[in-house]
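Here are my notes on this structure, as numbered points. Please read them with the model open.

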Amino acid sequence: MTITSLPVPAQAPAAAPANIAELGLRESATFDRATIADIQRAAATGVYDIRGWGAKRKVPHFDDLLFLGASMSRYPLEGYREKCDTDVVLGDRYASNPLHLQTPVTIAGMSFGALSANAKEALGRGASEVGTSTTTGDGGMTPEERGQSKHLVYQYLPSRYGMNPDDLRKADAIEIVLGQGAKPGGGGMLLGQKITERVAGMRTLPVGIDQRSASRHPDWTGPDDLEIKIGELREITDWKTPIYVKIGASRPYYDTALAVKSGADVVVLDGMQGGTAATQQVFIENVGIPTLAAIPQAVQALQELGMHHKVQLIVSGGIRTGADVAKAMALGADAVAIGTAALIALGDNDPRYAAEYSALGSAAGFYDDFQDGRDPAGITTQDPELSSRLDPVAAGKRLANYLRVLTMEAQTIARACGKSHLHNLEPEDLVALTIEASAMARVPLAGTSWIPGVQGSF
């Protein structure tokens, strides 16, 4: 018997599911889509990923803390009639000319090379307008930045790129960089497409060749040598200029104590949420500790040495709002520094360049390929055409506006806690929303007096 198959009637294609959940699919927490994409990229190229910004993984941060506003047991200050001061003096331990800033929000080190000359000028303009400081970064001092910066901190880095004793003397403070929050223990990168003739000339490098900065200083191996170096810098500047020491947050208790022992006027503590112009993604996401965990350890070291607020502590790494500023200061910081947020204020990741970000395989709000030198906003590039898009005067105004808002927001919180100065904020004004944040920040879990790991709390 012959069996003849009947024709199967044509069927309309199944409609695509409205979302993946309709298919009953569940994304792996271990191998999520971003992880799969990273593995596929590594398999296809054979090279590790390099990017800018800081850690993108979620870690306990300032959002996990809340302030206890005043009511009956504490009296708030009247916003329009009672002052809340914001000024800060940095570097008065040994230096005869410490910095007196009008706001505790400063601009972190970002190099010319990583940033365009217009961006560096804009940072100086914005900082000067509100009476705060900006910082050079690797690669030396530019005339644009020095000319527009009332208070300029000169970074002294392991690479010594652009290091000039004459520029040291022109600086208002010197920051010896031992580490960076995004890459403690590692050096920076500047890829060849950003090594123009001007950048190469300042750094004594060949044009167009990738540059990797050293991870440690060439002329010392420990804190005793650092003490000698600080002494040399004081001699060069006639003991007038404050000396900062910047550390990436890894072992902040010991590093802060050693910086103080070596003679630092100021310690700069950079948490893992701090940004970078370019380094390996695996480094950014897996080395260092969160800013929230680092501050109490550094403060403890200062307190045990009897140097808290005598040697000032500047905290950076993930500062975004006036609330972040106030929380850092309540935990014991004297000032904060911003980097990524300052670039966003200048115009980084601006939606008006959405089409160009898309053409680069990214999107406004996600662009982090600072190393490529193709930034449509003209900030993280050395391309003359792109750089010309950034008006340093207008960008400086935007930064100044942002700095004013941060300061006013911090004042608002301080007044609500009954404080007449931002420096009067204290850990007693804070509670934590999670056990992890409570343990790291060493403040009680909200609704309790319990601090994990602290005996006698409940």
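1. Start at Leu-331. In this predicted model, Leu-331 is in contact with Phe-62, Leu-65, Leu-292, Ile-295, Val-299, Leu-430, Ala-441 and Val-443, once neighbours within four places in sequence are set aside.

2. Leu-331 belongs to the largest nonpolar core, a set of 84 residues. It is among the residues with the most contacts inside that core, together with Leu-65, Ile-107, Ile-338, Leu-346 and Leu-399. Helix H14, residues 392–416, supplies the largest share of this core, nine residues. Nonpolar side chains tend to be buried together in soluble globular proteins.

3. Another core lies apart from the largest one. It has 13 residues, including Val-88, Leu-101, Ala-108 and Ala-335.

4. Now look at helix H10, residues 322–330. How many of its nine residues are buried? Eight are, so the helix is mostly covered, with buried meaning under 20% relative accessible area. The buried residues are Gly-322, Asp-324, Val-325, Ala-326, Lys-327, Ala-328, Met-329 and Ala-330. Note that Asp-324 and Lys-327 are on that list.

5. What covers the buried residues of H10? The cover includes strands S2 (65–67), S5 (105–107), S15 (335–338) and S16 (430–432). Helices H9 (291–304) and H14 also take part.

6. Check both ends of H10. After the helix comes Gly-332, which has a positive phi, near 125 degrees.

7. Ser-111 sits in the loop between S5 and helix H2 (117–129). Is Ser-111 buried or exposed? Ser-111 counts as buried because its relative accessibility is 8%, and the cut-off for buried is under 20%. Its side chain reaches the backbone nitrogen of Ala-114 at 3.2 Å. Leaving out residues up to four places away in sequence, Ser-111 touches Lys-120, Thr-136, Gly-137, Asp-138 and Arg-203.

8. Last, the second largest pocket. It holds about 540 Å³ of space. It is lined by 21 residues, and Leu-178, Gly-179, Trp-220, Ile-247 and Asp-255 are the closest to its centre. Helix H6 (223–236), strand S11 (243–248) and helix H7 (252–261) each give two or more residues to the lining. Of these, H7 gives the most, with three residues. By class, the lining has 10 nonpolar, eight polar and three charged residues.

Key
Residues numbered from 1 in each chain as written. Predicted model: local features only at pLDDT ≥ 70, side-chain atom pairs only at ≥ 80, totals over all residues. Heavy atoms only, no water. 1 Å grid on protein atoms, 1.4 Å probe; cavity = no way out; pocket = protein on both sides within 12 Å on 5 of 7 lines; lining within 4 Å. Points joined across faces, edges and corners; volume = space filled by probe spheres on them. Helix = DSSP H or I, 4+ residues; strand = E, 2+ residues; numbered from the N terminus. Nonpolar A, V, L, I, M, F, W, Y, C, P; charged D, E, K, R; others polar. Core = buried A, V, L, I, M, F, W, Y, C linked by side-chain atoms within 4.5 Å. Buried < 20%, exposed > 50% of the residue type's maximum accessible area, 1.4 Å probe, protein only. Contact = heavy atoms within 4.5 Å. Polar contact = N/O pair within 3.5 Å; in protein donor to acceptor, adjacent residues only side chain to side chain.
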